[in-house]
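Hi there,

Here is the structure I promised to pass on to you. Have a look at it first, and then read my notes below.

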Amino acid sequence: MRQTKSLYLSVHTIIKKFTKCSDDVKSTVFTTFCCSFYCGHLWSLYLRKTYAKLRTAYNNAFRALFKIPRWVSVSTRQVECNVNTFHALLRKHSFAFLRRCMSSENVFVNTLFNSQVLFDSGFWQFLRSRLMR
């Protein structure tokens, strides 16, 4: 997946440039450069294996930047550093997408969101399952 390679590339560059900075700076840089999964809310056709690889890459990137040993929980450190976990990040992207669509003034988007077709679709089931996680 292109996103995984891009994430590893971004982190490698960040580690080279920001390795001696404070944790606050590192968390800001990580959030800025590694938490922007473009169109992440639309990834309904990817397999669980693909999500697992991306989540592992996300956690490994955070682990490498903050020099966290393998036996220490990454999610605990992410919360301590005020960085979203992988699932929280995807949930935020999905919710923001739904909020933008529901507040849209576009006639076609409003028609889609007011019809039963959307709620019967696999895409809606995917978004609902992600938001309820």
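What follows is a short tour of what I found.

First, the ground rules. This is a predicted model, in which local features need pLDDT of at least 70 and side-chain atom pairs count only at pLDDT 80 or more, while totals for chains, interfaces and linings use all residues. Residues are numbered from 1 along each chain as its sequence is written, and side-chain values use heavy atoms, with hydrogens and water left out.

The protein chain has 8 helices and 0 strands; these are DSSP runs numbered from the N terminus, helices being H or I of at least four residues and strands E of at least two. Along the principal axes, the C-alpha atoms fill a box of roughly 55 × 30 × 25 Å. Of the 133 residues, 35% are buried (under 20% relative accessible area with a 1.4 Å probe, protein chains only; exposed is over 50%, and partly exposed is in between). Of the contacts (heavy atoms within 4.5 Å) between residues at least 6 apart in sequence, 64% join residues at least 24 apart.

Now to the start of the chain. The axes of α1 (residues 2-18) and α2 (residues 23-34) come within 10 Å and cross at roughly 155°; axes are lines fitted to C-alpha atoms, for helices over the stretch in contact, with angles from 0 to 180 degrees between N-to-C directions. The two helices are therefore roughly antiparallel, a label for angles over 145 degrees. Leu7, Ser10, Val11, Ile14 and Phe18 of α1 meet Val25, Lys26, Val29, Phe30, Phe33 and Cys34 of α2. By class, that contact has 9 nonpolar, 1 polar and 1 charged residues (Ala, Val, Leu, Ile, Met, Phe, Trp, Tyr, Cys and Pro count as nonpolar, Asp, Glu, Lys and Arg as charged, and the others, Gly among them, as polar).

Helix α8 is worth a look too. Its buried residues are Trp124, Phe126, Leu127 and Arg130. Viewed down the axis of α8, they fall within an arc of 160°, so they line one face of the helix; the arc is that of the directions from the helix axis to the C-beta atoms. They pack against α3 (48-66), α5 (86-102), α6 (107-113) and α7 (116-120). Arg128 also lies in α8 (residues 122-131), but counts as partly exposed at 44% relative accessibility.

Finally, Asn106 sits in the loop between α5 and α6 and is partly exposed, at 37% relative accessibility.

Happy browsing!

Key
Parallel < 35°, antiparallel > 145°, perpendicular 65-115°, else oblique.
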